[in-house]
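Please keep the viewer open beside the text.

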Amino acid sequence: MRLQLISAAEMKSKLRKSNLGGFSEDEEIRSRRQTYAKLNTDEKKLLARLQFKAGGVKKSALARTKVDAEVIPKPSRLVYSAENKRSLPGKLLREEGSKASGDMDTDQVYDSAGATWDFYYSLFGRNSIDNAGMKLIQTVHYLNKYDNAFWDGKQMIYGDGDGKIFASFTSDIDITAHELTHGVVQYECNLEYKDQSGALNESLADVFGIMIKQKALNHDVRRSDWLIGENTLVGDEYAIRSLKAPGTAYVNHPELGTDPQPAHMSGYSNDPSDNGGVHLNSGIPNHAFYLAAVDTGGFSWDKIGQVWYRAMCNTELVPVNATFSQFKEATLAESIILFGTGSTVTSAIENAWNAVGV
Amino acid sequence: MAFKIKQMKLKLIQTGGFAGKSKYAEEDLSLHPAQLQQELEQHFPMSIVQPTANKASQSRDAFEYFLEYKGIRVALTDDMKANPFIEDLLERLKDQLHY
């Protein structure tokens with residue numbers, strides 16, 4: 001047997017050729033992850049910033065940096081169909097880099113997950129849910145006429161909806177981004193899913209969900225509708241939640257009644273059937289984010305989004321059982337670091353939390 | 001010995017979900033054999049307890065299910081779902097929860 005020295009690139013090529021299906025893709029992604037992990041924080045931020053300015057993850061962005069093109073992380077998306085059964089993840093319909101499947105739900109969540117990955121990477125240098133290149137696994141067509149989408153701790157799952165009250169839960173980019181953000185929270189402050197920490201968990205999912213929709217549509221804070229799930233809840237006048245005006249996303253809906261979310265602590269309620277009202281009380285921090293973003297102006301992700309992301313990742317100031325007040329303090333602390341004590345951004349954040357009674 | 005069964009309702013409650021709306025379906029157990037109530041009672045504590053979320057679970061926005069019987073609410077467990085006397089009834093109640 002003769003030993004032969006080959007370059008890393010040649011080795012990678014050989015690995016690709018010698019393996020089948022997703023494994024060669026795994027090797028490539030693993031290699032990118034390892035190289036990316038060796039960069040220091042400043043290098044990661046520079047890379048992300050250059051790619052963001054170039055409009056996403058493009059190799060052309062690297063023309064302005066000395067970083068090796070192989071370093072660029074990229075998403076690894078896998079979309080399966082449960083074929084209206086309970087089995088997970090189901091039958092693989094589309095994987096990273098493959099052409100559109102022709103199944104509308106599959107292609108919708110593939111694109112939405114891509115936009116979500118790109119948002120986190122280009123703005124925060126975050127490489128996927130766990131910041132270590134985790135695969136984005138999604139299953140569509142779960143059960144029959146299933147009225148829900150959820151994150152199970154490892155993957156996202158979407159129902160087709162009943163078709164009368166709810167359309168497919170793949171219909172809105174903000175829902176996909178919401179579920180992916182539950183994954184991000186799990187790997188960061190890991191807020192307990194009950195009471196105020198649970199409502200914060202839900203709120204962070206909505207806040208990043210709306211920002212990812214705004215970024216995809218290039219909407220600034222004035223142009224955005226600030227609605228979550230407006231295509232999923234059937235009817236032009238309905239959405240599932242509103243960050244601008246919690247409690248008004250749907251009014252006098254024939255089946256659901258009226259949106260029960262409060263926008264202020266005076267409306268805080270402990271609903272034991274929903275882990276202490278996690279889907280209700282999230283309206284309060286949601287509205288604080290809206291107020292701060294509108295007061296600051298421009299694109300929500302430019303300043304207020306940066307503060308919220310840093311707070312979400314600050315496990316010292318945001319413990320797993322964090323209260324709204326603790327999260328408020330975390331946003332203020334991060335804003336002071338980024339923009340200064342007397343800055344308009346810090347004032348906007350403080351005023352916003354005060355306005356919702358936190 | 002025959003005796004009259006007092007009307008007693010079993011309620012299946014679905015909570016959570018992305019939209020955060022609770023729904024329930026109920027069944028009058030007086031229409032079922034008495035043994036069904038006896039089986040059910042094994043799964044219910046004697047006093048009211050507050051249902052608690054599974055802290056270890058990382059599921060978010062998933063539906064959660066509770067059973068309410070004689071004013072006591074408990075989380076639906078695998079034991080209950082596996083009980084052959086209760087299994088069919090639970091499936092029927094779950095079907096009613098669809099819009």
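## Overview of chain A

Please bear in mind that this is a predicted model. Chain A has 11 helices and 7 strands. Of its 358 residues, 49% are buried. If you count the contacts in chain A with a separation of 6 or more, 56% of them link residues 24 or more positions apart.

## The sheet in chain A

Five strands of chain A form an open sheet with mixed pairing, in the order β2-β1-β3-β5-β4. At its edges are β2 (91–95) and β4 (149–151) of chain A, and each of these pairs on one side only. From one strand to the next, the twist averages 20°.

Look for A:W151, which stands opposite A:M156 in β5(A). Helix α5 (residues 173–187) of chain A lies across β4 and β5 of chain A, and runs at about 20° to β4(A).

## The largest nonpolar core

In soluble globular proteins, nonpolar side chains tend to be buried together. Here, the largest nonpolar core has 87 residues. The members that touch the most others are A:A149, A:Y158, A:A288, A:F289, A:A292, A:W308 and A:A352. Helix α6 (residues 195–217) of chain A gives the most to this core, with 9 residues. Both domain 1 (40–187) and domain 2 (195–355) of chain A are represented, with at least three residues from each.

Which residues does A:W308 touch, leaving aside those up to four places away in sequence? They are A:V207, A:F289 and A:T331.

## A covered helix

A:W308 also belongs to the buried set of helix α9 in chain A, together with A:I304, A:G305, A:V307, A:Y309, A:A311 and A:M312. This helix (residues 304–312) is mostly covered, with 7 of its 9 residues buried. What do these buried residues of α9(A) pack against? Their partners are six helices of chain A that you can pick out in turn: α4 (104–124), α5, α6, α8 (283–296), α10 (324–339) and α11 (344–355).

Chain B has an open sheet of 4 strands with antiparallel pairing, in the order β2-β1-β3-β4. Its edges are β2 (23–28) and β4 (72–75) of chain B; each has a single partner strand, so one side of each is left without a neighbour in the sheet. The twist in this sheet averages 25° from one strand to the next.

Strand β3 (residues 63–69) of chain B runs antiparallel to β4(B), and 4 bridges join the two. One pair to find is B:F66 with its bridge partner B:A75 in β4(B). Helix α3 (residues 84–96) of chain B packs on the sheet, where it touches β1 and β2 of chain B, and its direction makes about 135° with that of β2(B).

## Where the chains meet

Between the two chains, 29 residues of chain A are in contact with 21 residues of chain B. On the chain B side, strand β1 (residues 9–16) of chain B supplies the largest share, 3 residues. Sorted by class, that side of chain B has 8 nonpolar, 9 polar and 4 charged residues.

Methods:
Residues are numbered from 1 along each chain as its sequence is written. Chains are lettered from A and ligands numbered from 1 in the order in which they are written. This is a predicted model: local features need pLDDT of at least 70, side-chain atom pairs count only at pLDDT 80 or more; totals for chains, interfaces and linings use all residues. Two strands pair if DSSP finds at least two bridges between them. Axes are lines fitted to C-alpha atoms, for helices over the stretch in contact, and angles run from 0 to 180 degrees between N-to-C directions. Two residues are in contact if their C-beta atoms, placed from the backbone, lie within 7 Å. A residue is buried if 20 or more other C-beta atoms lie within 10 Å of its own, exposed if 12 or fewer, and partly exposed in between; C-beta atoms are placed from the backbone. Ala, Val, Leu, Ile, Met, Phe, Trp, Tyr, Cys and Pro count as nonpolar, Asp, Glu, Lys and Arg as charged, and the others, Gly among them, as polar. A nonpolar core is a set of buried Ala, Val, Leu, Ile, Met, Phe, Trp, Tyr and Cys residues joined through C-beta atoms within 7 Å. Domain bounds come from an automatic or database domain assignment.
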